[in-house]
Structures are given as structure tokens and as C-alpha cells.
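Please look over the sequence and the structure shown here before reading on.

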Amino acid sequence: MKNTNVLWIILDVIFLIIFNALFYVLSGIEHSVSVWMSYGFIHFAYFMLILIPLLLRKGKSVAVFGFSLYSISSIYFLVEFVTGIMFILNAPESYSSALLVQLIIAGLYGFMLISHMIANEHTANVEEERHYQIAYVKAASIKLKGLLESVSDKETKKKVERVYDAVYSSPVKSHPNLAQLENRMLQDINELENAISRGSNENIFSLSNSLLSAANERNMLLRMLN
């Protein structure tokens, strides 16, 4: 385990140690149901705060995701801590008011937390789709540009250049239904690289025609799907 992780765990435990030490030393162990209930709600709010890293969806905007969830959980913890302390100090005999008030606070927190998690999931999915879309055109273009530099024959180079221009100028935006076609094009580009390394002009022309046709088909289907 990394030293930073150990330090964070120690930092998280400090509050629990101090809070529980004060609670038991100052008030003992004999309490009403409302006090124990408030004690539990305070611990729940704190555990939710320190468990936020486990709820984060990984992605480019993980810092933004973390900030929003941490903000909501921090506010909930502070509100619950103040509310719980008030009930602990007053120690009402009836637990109904303590239960209802803290359940409402927890319910509002749960609603806000889950709503933001759903929004974060949507944002992360859009980012992943965007990354895939950019990766396809970028990877195919870079690969074809590299192949152009290794072709010496003018006619062959002209053919490969037409494929490069078609792919490079293709819309970055994609569609899930085009994934199979795009993967096949990437495979054909790898085959084109092998054909160029072997100097097989016949295969180069055949694969170039196939790729040019596939690029045009992709762009046409993309217009229909979007």
C-alpha cells in the first residue's frame, strides 16, 4: 500500500477516534434511542464522505465528478453533524422527531447524490464515445500517412493518397452501428501495410480500392444514421 494511501486512512480515522472518545468520555454509554440514532446517522454521513472515491466514474472529467460528489457529501455531513449533535445534547425521550428529521436530511442527500451520479455517468459515456470516435479517424489517418512515406511508386502512392484523403476528411462523429465497418477498415489498413512492405502492387491497388469504397460507405451510412 502506498504511503499516501496510509496517510489518507489515518486522516480519515482521526475524526472517528476524537468524536467517539468525546462521546463516550463525556456522556458514557447509557443513552436514549434518539441519541444512539443520531450517533449512527453522524457515522453514516461521515462514511459516505470518505467512500466517495469508490463512487467515482473514471474518465477525463473525474476531477469534476469528484468535486460535485464531495461537495454534496460534505454539505450533508456538516448538516447531519450539527443536527445529530443537537439531538444528542437534548436527548429527547421520543425518537420519532430525531428519526424523521435525519431521515429527511438523508433522503435529500441520497436524491442529490444519485442524481449527480446519473449525470456523471451520462457525461462519462459521452466522453468515452467521443474518445472512440476521435481515436478511429486519428489512428487510421496516422497509419495511412505513415504508409504514404514508405511508398515510392508514383501510381501506387497516388492510390494510397486518395484513401488517406478520404479517411482524413471523414467526419469524426461516429455511430455504434458503424463499429464493425470501422474495425474492418483498420484491419484492411494493416493488410495494406503488409502489402506495401512486400511490394505487391496488385494487393495494394485492391486494398486501396476496398478502403476507398469503405470510407465512402461509412460516410454515407453516417449521414443516414444521424
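## Overall make-up

This is a predicted model. The protein chain holds eight helices and zero strands, and its elements, read from the N terminus, run α-α-α-α-α-α-α-α.

Of the 226 residues in the protein chain, 36% are buried. When contacts between residues at least 6 apart in sequence are taken, 74% of them join residues at least 24 apart.

## Helix 2

Helix 2 covers residues 33–50, which is 18 residues. From its first C-alpha to its last, helix 2 reaches 26 Å, close to the 26 Å expected at 1.5 Å a residue.

The buried residues of helix 2 are Ser34, Val35, Met37, Ser38, Tyr39, Phe41, Ile42, His43, Ala45, Tyr46, Met48 and Leu49. An α-helix has 3.6 residues a turn, so residues three or four places apart point the same way.

## Helix 7 against helix 8

Two packed helices are described by the angle between their axes and the distance between the axes. For helix 7 (residues 179–198) and helix 8 (residues 201–225), the angle is about 160° and the axes are 9 Å apart. Angles over 145 degrees count as roughly antiparallel, and helix 7 and helix 8 are therefore roughly antiparallel to each other. Their crossing is left-handed.

On the helix 7 side, the residues in contact include Leu181, Met185, Ile189, Leu192 and Ile196. On the helix 8 side they include Ile204, Leu207, Leu211, Ala214 and Leu221. By class, the contact of helix 7 with helix 8 has 12 nonpolar, three polar and seven charged residues.

## Helix 6 against helix 8

Helix 8 also packs with helix 6 (residues 154–168): the two axes come within 9 Å and cross at roughly 20°. That angle makes helix 6 roughly parallel to helix 8. The crossing of helix 6 and helix 8 is left-handed.

Helix 6 contributes residues including Thr156, Val160, Val163 and Val167, and helix 8 contributes residues including Ile204, Phe205, Ser208 and Leu212. The contact of helix 6 with helix 8 divides into nine nonpolar, five polar and three charged residues. Ile204 of helix 8 is listed in the contact with helix 7 and also in the contact with helix 6.

## Ser141

Ser141 lies in helix 5 (residues 96–150). Is Ser141 buried or exposed? Ser141 is buried, because its relative accessible area is 7% and the cut-off for buried is under 20%.

Leaving aside residues up to four places away in sequence, Ser141 touches Tyr164, Val167 and Tyr168.

Conventions:
Residues are numbered from 1 along each chain as its sequence is written. This is a predicted model: local features need pLDDT of at least 70, side-chain atom pairs count only at pLDDT 80 or more; totals for chains, interfaces and linings use all residues. Side-chain values use heavy atoms; hydrogens and water are left out. Helices (H or I, at least four residues) and strands (E, at least two) are DSSP runs, numbered from the N terminus. Buried means under 20% relative accessible area, exposed over 50%, partly exposed in between (1.4 Å probe, protein chains only). Contact means heavy atoms within 4.5 Å. Axes are lines fitted to C-alpha atoms, for helices over the stretch in contact, and angles run from 0 to 180 degrees between N-to-C directions. Angles under 35 degrees count as roughly parallel, over 145 as roughly antiparallel, 65 to 115 as roughly perpendicular and the rest as oblique. A crossing is left-handed if the near helix is turned anticlockwise from the far one by less than a right angle, and right-handed if clockwise. Ala, Val, Leu, Ile, Met, Phe, Trp, Tyr, Cys and Pro count as nonpolar, Asp, Glu, Lys and Arg as charged, and the others, Gly among them, as polar. The expected span of a helix is 1.5 Å times one less than its number of residues.
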